[in-house]
Amino acid sequence: MVNEADLRHLRRCVELAAEALAAGDEPFGSVLVGADGTALAEDHNRVADGDHTRHPEFALARWAAANLTPAERAAATVYTSGEHCPMCAAAHAWVGLGRVVYASSSEQLGEWLGALGVPAPPVRTLPVSEVAPGVKVEGPVPELAEEVRELHRSFHGEPNWERRVAQAWLSMDEHEAAEFRALIEGLAAELPEDSALAAFERGCVYDSTGLPERAVPEYRRALELGLTGVRRRRVICQLASSLRNLGRPEESVELLTAELARTSDVMDDAVRATLALALTDVGREREAVSVALTALAPHLPRYQRSMANYARALVEEPPTGR
């Protein structure tokens, strides 16, 4: 059964799939997670260059073969936005990886692409269980499958608003600040006046072009209008960062502390990193280092426990030498 930890990793897979889409590639993303829940490696589709073997699941299998012991591979889980193709399922099994958890199934993908008029692939679509019967498989996850479907619809259909915005952000370095603001403002203007997404994009472009005083009210408006998902947490981080830049770090600390208590997902480390900066600004340096170490510890498998302990000690023990 898929649990909350599984859902967090699957959401990251969907984020990676969206990153692939924004880069002009097919929307697939995968994360390799160790037995202790640590994300060891991640990747998204990279077939746009013409090499159709560059699937994320295949890349993770190769990474695991080079970097993990057989026991570590067997205890690991591969999370993915879409069920493995036969090539990736075979690589997964030959390398000796453990469980597969996917947001959407191969059967669903076939139905979606068929409805969009996409030609059948040159390799027959098969469930992982038929290619690698010894691998434990879980999925699909209905609450995420629809998001994955929309990504595929965006890739194979006419360029939609989301895709045009993503492409615009990729071109940021090609524009002067005022020109780029006008580009994003124009895209935002295509949405209804009460669109949380439009306010989000305006806030982002003001923030990214050095206008935090204009970004803050847009971020607040996006939250008031009910922005959800990963974008909501991005707004929290970016709003807090803008408040710091405007000389209001106390508000930043309050906002981020409340956010960490409110929920938990793949954006936690970004929230903590921003909080660490704000804590430094208000003179709470030991807490800042503690928060930063807490964010860093999960990414250091060999030192995870010790770093987590050091992080706690920084705020539990009084400083010495003063």
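These notebook entries record what I looked up in the structure.

**Entry 1: the model**

I noted that the model is predicted, that local features need pLDDT of at least 70, that side-chain atom pairs count only at pLDDT 80 or more, and that totals for chains, interfaces and linings use all residues. Residues are numbered from 1 along each chain as its sequence is written, and side-chain values use heavy atoms, with hydrogens and water left out.

**Entry 2: the whole protein**

I looked up the secondary structure and found 16 helices and five strands. Helices (H or I, at least four residues) and strands (E, at least two) are DSSP runs, numbered from the N terminus.

I then turned to the overall dimensions. Along the principal axes, the C-alpha atoms fill a box of roughly 60 × 55 × 35 Å.

The protein is divided into domain 1 (4-155) and domain 2 (244-321), with bounds that come from an automatic or database domain assignment. I recorded 32 Å between the C-alpha centres of domain 1 and domain 2.

**Entry 3: surface, contacts and charges**

The accessible surface comes to about 16400 Å², and 53% of it belongs to carbon and sulfur atoms. Accessible areas come from the Shrake-Rupley method with a 1.4 Å probe; for residues, only the protein chains shown count as cover. Of the 322 residues, 43% are buried. Buried means under 20% relative accessible area, exposed over 50%, and partly exposed in between (1.4 Å probe, protein chains only).

Among contacts (heavy atoms within 4.5 Å) between residues at least 6 apart in sequence, 58% join residues at least 24 apart.

I also looked up the 33 positive and 49 negative charges, whose mean positions are 4 Å apart. Lys and Arg count as positive and Asp and Glu as negative, while His and the chain ends are not counted. Each charge is placed at NZ of Lys, CZ of Arg, CG of Asp or CD of Glu.

**Entry 4: two buried residues**

I found Ser 81 in strand E3 (residues 77-82). Ser 81 counts as buried because its relative accessibility is 1%. Beyond its neighbours within four places in sequence, Ser 81 is in contact with residues including Cys 13, Phe 28, Ala 103 and Val 148.

Ala 278 belongs to helix H14 (residues 268-281). With a relative accessible area of 0%, Ala 278 is therefore buried. Residues up to four places away aside, Ala 278 touches Arg 244, Pro 249, Ser 252 and Val 253. I also recorded 21 Å between the C-alpha atoms of Ala 278 and Met 307, which are 29 residues apart along the chain.

**Entry 5: residues in loops**

I located Asp 194 in the loop between helix H9 (177-188) and H10. Its relative accessible area is 54%, so Asp 194 is exposed. Asp 194 is in contact with Arg 221 and Leu 225, apart from neighbours within four places in sequence. Asp 194 and Arg 221 are 27 residues apart along the chain, and their C-alpha atoms are separated by 9.1 Å.

Gly 210 sits in the loop between helix H10 (196-208) and helix H11 (212-224). Gly 210 is exposed because its relative accessible area is 53%. From Gly 210 to Asn 245, I noted 35 residues in sequence and 9.7 Å in space, C-alpha to C-alpha.

Lastly, I looked up Pro 140, in the loop between strand E5 (137-138) and helix H7 (142-156). A cis peptide bond, with omega about 0°, joins Gly 139 and Pro 140.
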